[in-house]
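Dear colleague,

I am handing over the structure below, together with a short account of what was found in it. Please read the account with the structure open beside it.

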Amino acid sequence: MLGVAFLVPAPVRAGPPTVLAQFFEEFDGEAQRPPGEDPGLGGLDFEDLEENDLGAGPERVPGWASGEAPGDGEGAIAGAVPPAFDPAERPLLLEGLYERLAQAKSPTEAAPITEAIEELWSMSGSDTVDLLMSRATLFANESDVDLSLAVLDAVVDIAPEEAEAWYLRAKVNVLAGKPERALADLRQALNLDDKHYRAITDLGLVLEQLGAKKEALKAYRQALAVNPYMDDAQAGVDALSREVEGQDI
């Protein structure tokens, strides 16, 4: 079930996405603080990064890790201008969005919620971290897995609290043929955000690859408890439940 071209570059963002505007109004009584200063670059060696590699973010490409943004069509919120985004409030925002997602009555209702969640995942509050993660994704999509991992090693060093950085490194470790390292990174991502439904689903994929089918099935079901419309997780349940039916998972 694991594909090769599954990475989707997250664009570098100057502010919160339009789709989040409807959710910020619930916190309008709280003062918004500007993001903190970027962390240092740690041990990252920029000699491996060409000048052109640090330009604008690449266009989105297909992949199993994310769907396309709704744009101006269904689920978009035209003309909304959200307030300044404070990364410190991200956990509270995500908590509310996860609750709404679990209660969504249809894929149509869930779509703008997942869009908002995944936008928040990509917003670290640091332009440096966001840029490096975008570059790492591009390198992986261009099959330069070693350079992608080198960049992501630096990212998790300077921003160890970013679940998305660990999640992205896990996916690149899968590309590198290192499922055990991917497993460790996914567990770290879930230690930071235990409702990261894509990390939970990918945990199931890696466990299934390693032959731990009972544990993989449990992970798929946990992902569906967070996001009932996670197609990959549902496919995993459909495939594995027949093999482990009646067993204690």
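Predicted model: local features only at pLDDT ≥ 70, side-chain atom pairs only at ≥ 80, totals over all residues.

I begin with a pocket and the helices around it. Four helices each supply at least two residues of the lining of the second largest pocket: helix H2 (90-103), H3, H6 and helix H9 (213-226). Of these, H2 gives the most, with seven residues. The volume of this second largest pocket is about 470 Å³. Its lining is made up of 27 residues, and those closest to the centre of the pocket are Arg90, Pro91, Leu94, Leu192 and Asp193.

The chain as a whole may be described next. Its secondary structure comes to ten helices and zero strands, and the pattern read along the sequence is accordingly α-α-α-α-α-α-α-α-α-α. The chain has 249 residues, of which 47% count as buried. Among contacts between residues at least 6 apart in sequence, 71% join residues at least 24 apart.

In the model, residues 163-196 are 79% helix and 0% strand, with the end C-alpha atoms 8 Å apart. For residues 197-230 the values are 79% helix and 0% strand, and the end C-alpha atoms of that span lie 8 Å apart.

Asn173 has its place in helix H6 (residues 163-175). Is Asn173 buried or exposed? Its relative accessible area is 4%, which is under the 20% limit, and Asn173 is therefore buried. Leaving aside neighbours within four places in sequence, Asn173 is in contact with Leu149, Lys178, Pro179, Arg181, Ala182 and Asp185.

Leu190 lies in helix H7 (residues 179-192). With a relative accessibility of 15%, Leu190 also falls under the 20% limit and so counts as buried. When neighbours within four places in sequence are left aside, the contacts of Leu190 are His196, Ala199, Ile200 and Leu203. The C-alpha atoms of Leu190 and Ala163 are separated by 7.1 Å, although the two residues are 27 apart along the chain.

Finally, I turn to the aromatic residues. A pair of aromatic rings is described by the distance of the centres and the angle of the planes. The count in this structure comes to one aromatic pair. Why is the pair of Trp121 and Tyr197 described as tilted? The ring centres are 4.9 Å apart, within the 6.5 Å limit for a pair, and the planes stand at 50°, which is neither under 30 degrees (stacked) nor over 60 (edge-to-face), so the pair is tilted. The pair links distant parts of the chain, since Trp121 is in helix H3 (residues 107-121) and Tyr197 is in helix H8 (residues 197-209), 76 residues apart. Trp121 is buried, with a relative accessible area of 5%. Tyr197 counts as buried at 0% relative accessibility.

With kind regards

Definitions and conventions:
Residues numbered from 1 in each chain as written. Heavy atoms only, no water. Phe/Tyr/Trp six-rings, centres within 6.5 Å; stacked < 30°, edge-to-face > 60°. Buried < 20%, exposed > 50% of the residue type's maximum accessible area, 1.4 Å probe, protein only. Contact = heavy atoms within 4.5 Å. 1 Å grid on protein atoms, 1.4 Å probe; cavity = no way out; pocket = protein on both sides within 12 Å on 5 of 7 lines; lining within 4 Å. Points joined across faces, edges and corners; volume = space filled by probe spheres on them.
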